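Below are my notes on the model, as numbered points. Please read them beside the coordinates.

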Amino acid sequence: MIFSQFTLSLITGIFIGGIAGYLGSLMIVKRMALVGGPLGHLALPGVALALLYHYNIFLGALLSIVIGAIVIWLLQIKSKLSLEALTGVVFAAGVALGFLILPLSQAEEALIGDITKINLTDTLLAIFLGLIVFVIINRIYQKMILSGISEDLAKTEGIDVKKYNLIYLICITLIVALEVKIVGTLLTVALLVIPASASNNFSRSLCLYSWGALLIGVVSTILGIFAFRFTGLPAGPLIILSAALIFLVSLFFKK
Amino acid sequence: MGEGNFHLKIINLLSHWLDSLSKMEEDFILKVKNLRVILDGEKILNDLSFEIKRKEFFIILGPNGAGKTTLFKALLGLIPYQGEIIWAKENMKFGYLPERLSRSEFKKIPLSVRDFYKFKESSEEKILKTLKAVGLEGEEILKKNPGDLSSGQFQRMLIGWALLGDPEVLFFDEPTTGIDIGGEKTIYSLLHKFWQERGLTILMITHEINIVYAYATNVLCLYKKGICMGPPRKILTPQLLEKLYGNEVKFYIHKH
């Protein structure tokens with residue numbers, strides 16, 4: 001093998017962490033932070049099946065999130081309940097189902113990730129999808145921010161708010177599914193929200209903010225993965241804790 | 001013989017049609033026919049018809065709940081409606097200042113005035129020119145978060161934003177909300193200045209009767225039981241004002 005397993009996991013982590021941070025910077029503006037949590041949890045049944053039958057975890061996660069999202073969407077048409085309530089119902093059912101499928105001995109990998117299982121396919125997938133998502137988000141970034149400030153203003157400027165929200169949601173789904181391998185289904189939302197929140201404290205302009213979130217995502221993953229190397233503790237929680245630490249530091253820079 | 005007549009008729013008809021088309025081009029920028037808006041099962045606007053000419057300073061008056069903001073949103077294509085809204089050309093460029101856009105909404109985002117203006121205009125020179133036109137000068141303003149401006153500066157900043165990209169029609173929904181009386185006057189005279197200088201069509205919602213008298217070329221009054229339209233001095237009779245604002249008082253009492 002050309003790359004050691006450690007190098008592969010580091011490269012994968014850098015790409016996923018960076019893009020998650022970048023995506024997340026739009027999430028806290030659009031107040032969609034709560035979507036990311038349930039999405040990660042929705043991945044659990046699929047991840048469980050993938051672990052059990054030795055399929056690619058990313059595919060399992062993606063498939064089960066998409067099915068979950070369709071169920072939520074159908075329920076929303078059928079009932080008059082709020083999106084939050086429906087998401088709550090579906091994601092709880094998803095988690096319960098996941099635990100029924102999954103032998104408890106394998107639960108750790110599904111819940112908090114396992115970077116030692118990352119192979120070349122995972123790395124290439126992370127680089128490829130990461131770059132695509134980055135380019136897409138980069139192109140719709142300003143439009144999303146404007147529609148976050150005022151949908152009416154955005155529409156007056158000819159922005160198709162619904163279309164961009166859908167594109168954004170698809171990007172989040174892809175990245176959350178990728179994240180599962182690194183931080184597990186429980187912690188996906190953290191990698192979206194924490195770097196962006198920290199960057200928000202550091203920045204005064206949009207450009208600094210978005211790049212800052214990306215950078216903090218990258219730095220947290222690097223710190224977490226190196227901490228894993230030296231301590232042997234699980235990398236997923238270490239990555240999230242590194243991000244949380246950077247967030248704590250950022251509080252002192254608050255404008 | 002009959003054929004010649006027929007041709008003549010066709011030509012007549014065609015030229016008549018072309019005439020009326022070009023007249024529309026010249027005179028009318030907007031025609032609204034039988035506009036009806038229903039939101040959440042409630043009829044907000046019913047069978048509303050009116051026309052606006054190019055370069056008018058068109059003011060919409062009416063008590064709360066009469067559907068003024070809803071009318072704006074329908075004209076801008078932001079909400080579904082029945083009936084016809086015909087602009088003199090497709091893809092008319094609009095500038096819009098919504099009612100009560102809150103400063104706190106901006107404060108949550110690390111966004112500078114420059115960033116906000118860049119959404120619409122990439123040229124730094126034009127941005128500076130626009131800011132100057134609305135009375136906000138200096139590099140300092142560009143770096144500030146819109147949420148950190150004073151309420152007067154904030155409103156000017158939004159007016160400038162609406163003016164970016166050379167719109168043909170401007171929509172202002174109560175542009176002086178939250179501004180003290182002195183500030184109100186300067187905002188209105190600013191808008192009036194732009195209207196005079198740039199040959200724009202302005203549609204504005206306001207409660208300021210003085211402003212209506214001073215600036216409006218035409219007024220549309222919306223109230224629960226009907227509408228009226230015309231130049232301010234002609235239609236703003238004491239009876240009408242009582243109807244409008246008497247209604248508002250009643251509306252208030254009902255609510256409490």
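1. Helix H3 (residues 44-53) and helix H4 (residues 57-78) of chain A have axes that come within 7 Å and cross at roughly 150°. Axes here are lines fitted to C-alpha atoms over the stretch in contact, with angles from 0 to 180 degrees between N-to-C directions. H3(A) is therefore roughly antiparallel to H4(A) (angles over 145 degrees count as such). Helices are DSSP runs of H or I with at least four residues, and strands are runs of E with at least two, numbered from the N terminus.

2. This is a predicted model: local features need pLDDT of at least 70, side-chain atom pairs count only at pLDDT 80 or more, and totals for chains, interfaces and linings use all residues. Residues are numbered from 1 along each chain as its sequence is written, while chains are lettered from A and ligands numbered from 1 in the order in which they are written.

3. Residues that make the H3(A)-H4(A) contact include Pro45(A), Val47(A) and Leu51(A) of H3(A), and Ile57(A), Leu63(A) and Ser64(A) of H4(A). Contact requires C-beta atoms, placed from the backbone, within 7 Å.

4. Between the chains, the contact takes 17 residues from chain A and 16 residues from chain B. On the chain A side, helices H7 (120-149), H8 (151-156) and H11 (206-231) each give two or more residues.

5. In chain B, strand S8 (residues 218-223) pairs with strand S9 (residues 226-230) in the antiparallel sense over 5 bridges; pairing needs at least two DSSP bridges. A hairpin of 2 residues joins S8(B) to S9(B), and Tyr223(B) has Gly226(B) as its bridge partner in S9(B).

Technical notes:
Contact = placed C-beta atoms within 7 Å. Parallel < 35°, antiparallel > 145°, perpendicular 65-115°, else oblique.
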